[in-house]
Amino acid sequence: MPTVGWVGRDIVRAGRHVKRPQLFVDAVQTIRTRGIPVVARMYGGQDLVPYASALSRLPNGGHASSFLVEGDRSVASLQAFYASLDCLVVTCESEPGPLTIYEALACGVPVVTTATGAADACGDAVRVASEERLASKTRKVLKRRRRLFRDRGTLAAAVSAFSHEAWAAASVRLAMELVP
């Protein structure tokens, strides 16, 4: 069964939920309403419990449980989470990264994201603006998930230059150029 995921915290600024976890819940509901069975997973802290509970109350047509709030923030835990997904959904209103796009693509997981931050730098991240378009793009990614799984190396290569190792190597090269 296809699995979609959401990673983050529920950050509220001036009364607005910046990362918009409710948009993820609404998109999952729209996908299920269109007859696509989907498991939804959320990775974050206790601030996500209300959203995870809302996911569990959505009609799922007899399909699998629809939420999991993760607590462990280790690299291994995040890698295991991303490995369990067919698609990551990013719903940020505004954020410079977000880092989750790069993490998912580096793990070979396709990303559907709202128009935020550096999503333009990732050719495989599909930028959308509304719940309906988010659900539509996610459904399309899920329908192609077998091919995307085969091509996951291409997804990871798209962000390989954004690793800590690549940054360190570039910094060393720059330092060597600047030092006489």
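## Cysteines

In this predicted model, a search of the whole structure finds 0 disulfides. Cys-107, at 33% relative accessibility, counts as partly exposed.

## The largest nonpolar core

In soluble globular proteins, nonpolar side chains tend to be buried together. The largest nonpolar core of this structure has 24 residues, of which Val-4, Phe-24, Val-28, Met-42, Leu-55 and Cys-87 touch the most other members. Two or more residues of this core come from each of strand 1 (3–7), helix 1 (21–33), strand 4, helix 2 (49–57), strand 6 (87–90) and helix 5 (131–143). Helix 1 gives the most, with 6 residues.

Leaving aside residues up to four places away in sequence, Phe-24 touches Val-4, Gly-5, Trp-6, Ala-40, Arg-41, Met-42, Leu-55, Val-89 and Thr-91. A second, separate core has 14 residues, including Phe-81, Leu-85, Ile-101 and Val-109.

Helix 3 spans residues 75–83, and its residues Ser-77, Leu-78, Phe-81 and Tyr-82 are buried. Viewed down the axis of helix 3, the buried residues fall within an arc of 130°, so they line one face of the helix.

The face of helix 3 that is turned away from the buried side carries Val-75, Ala-76 and Ala-83, which are exposed. Phe-81, one of the buried residues of this helix, is also among the members of the second core.

## A buried arginine

Arg-41 lies in strand 4, which covers residues 39–43. Its relative accessible area is 16%, and because the cut-off for buried is under 20%, Arg-41 counts as buried. The side chain of Arg-41 makes a polar contact with the side chain of Ser-84, at 2.3 Å. Arg-41 is also one of the residues that Phe-24 touches.

## Strands 6 and 7

Strand 6 and strand 7 run parallel and are joined by 3 bridges. Within this pairing, Leu-88 has Val-111 of strand 7 as its bridge partner.

Strand 7 comprises residues 111–114. Val-111 and Thr-113 point one way from the strand, while Val-112 and Thr-114 point the other way, and all are buried.

Technical notes: Residues are numbered from 1 along each chain as its sequence is written. This is a predicted model: local features need pLDDT of at least 70, side-chain atom pairs count only at pLDDT 80 or more; totals for chains, interfaces and linings use all residues. Side-chain values use heavy atoms; hydrogens and water are left out. Helices (H or I, at least four residues) and strands (E, at least two) are DSSP runs, numbered from the N terminus. Buried means under 20% relative accessible area, exposed over 50%, partly exposed in between (1.4 Å probe, protein chains only). A polar contact is a pair of N or O atoms within 3.5 Å; within protein, one must be able to donate a hydrogen and the other to accept it, and residues adjacent in sequence count only if both atoms are side-chain atoms. The arc is that of the directions from the helix axis to the C-beta atoms. A nonpolar core is a set of buried Ala, Val, Leu, Ile, Met, Phe, Trp, Tyr and Cys residues joined through side-chain atoms within 4.5 Å. Contact means heavy atoms within 4.5 Å. A disulfide is a pair of cysteine sulfur atoms within 2.5 Å. Two strands pair if DSSP finds at least two bridges between them.
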